[in-house]
Amino acid sequence: MDRMDVEKVLIDVGMKPNLLGFEYMADAVMIMVESKEKKKICDIYRGIGAKRGKTTSSVERAIRSAIATARRQTKNIKLTEKYLGDKESNNSQSIMRMVKTMNVVNSARKRETETFENMIRRIVREELERNKRRSRRMK
C-alpha cells in the first residue's frame, strides 16, 4: 500500500484533499503502515507536527475536523464507516480502522492477482503442451 492508495480511500470516504487534516491523516496512516511496532497516537501526532512545523494539538484537531467533515459530507455512509468507523469513533480508532481495512483489502487484491497469474501460467502451460503434441503428430 502506498500513499496514493491511502489518499484515494480518503477521497472516496468523503475527505476533502484541501483540508490540512487530509494530509495529516494520510501521514498518520502511512506511519502506521510502515511502522514495524505499535506506535502511540500522540507520538504519531508529534512526528507529523515536527515534520510539518505544527503543534501536536493542531495536528490532532485537523485530523478530527477532517474526519468529521468526511462523515458529514460523504455520499457513501457504509464505505465511510468501513474505513473510519462510526461517528462515535475517535481519531486513533479511525486511523487504526483505516490501516486494518486497507491491509485486508490489499491482501485480498494480492491474492486475486496471484490467482490470476497462476491461471495465466496454467493456460500457457496447457497451450505449450498442445503445441508440442501437434508438432509431434506432424512429424
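What follows is a short exchange on salt bridges and helix packing in a predicted model.

Residues are numbered from 1 along each chain as its sequence is written. In this predicted model, local features need pLDDT of at least 70, side-chain atom pairs count only at pLDDT 80 or more, and totals for chains, interfaces and linings use all residues, while side-chain values use heavy atoms, with hydrogens and water left out.

Colleague: How many salt bridges does a search of the whole structure find?

Modeller: A salt bridge here is a side-chain nitrogen of Lys or Arg within 4 Å of a carboxyl oxygen of Asp or Glu. Searched as a whole, the structure gives a count of 12.

Colleague: How far apart in helix α1 are Glu-7 and Arg-3?

Modeller: Their side chains meet in a salt bridge at 2.9 Å, N to O. Helices are DSSP runs (H or I, at least four residues; strands are E, at least two), numbered from the N terminus. Helix α1 covers residues 3-12, so Glu-7 and Arg-3 are separated by about one helical turn, being four residues apart.

Colleague: Is Asp-27 buried or exposed?

Modeller: Buried means under 20% relative accessible area, exposed over 50%, partly exposed in between (1.4 Å probe, protein chains only). Asp-27 has 4% relative accessibility, so this residue counts as buried.

Colleague: Which residue forms a salt bridge with Asp-27 at 3.7 Å?

Modeller: The closest N and O atoms of the pair are 3.7 Å apart, and the partner is Lys-51. Asp-27 lies in helix α2 (residues 20-34) and the partner in helix α3 (residues 41-52), so the pair ties together parts 24 residues apart in sequence.

Colleague: What is the N to O distance between Arg-52 and Asp-27?

Modeller: Arg-52 is partly exposed at 33% relative accessibility. Its side chain meets that of Asp-27 in a salt bridge, N to O, at 2.7 Å.

Colleague: At what angle do α2 and helix α4 pack?

Modeller: Axes are lines fitted to C-alpha atoms, for helices over the stretch in contact, and angles run from 0 to 180 degrees between N-to-C directions. Helix α4 spans residues 56-73, and the two axes are 8 Å apart. The packing angle is about 105°.

Colleague: How many nonpolar residues does the contact of α2 with α4 have?

Modeller: Contact means heavy atoms within 4.5 Å. Among the residues that meet are Phe-22 and Tyr-24 in α2 and Ile-63 and Ile-67 in α4. Ala, Val, Leu, Ile, Met, Phe, Trp, Tyr, Cys and Pro count as nonpolar, Asp, Glu, Lys and Arg as charged, and the others, Gly among them, as polar. The contact has two polar residues, no charged ones, and a nonpolar count of nine.
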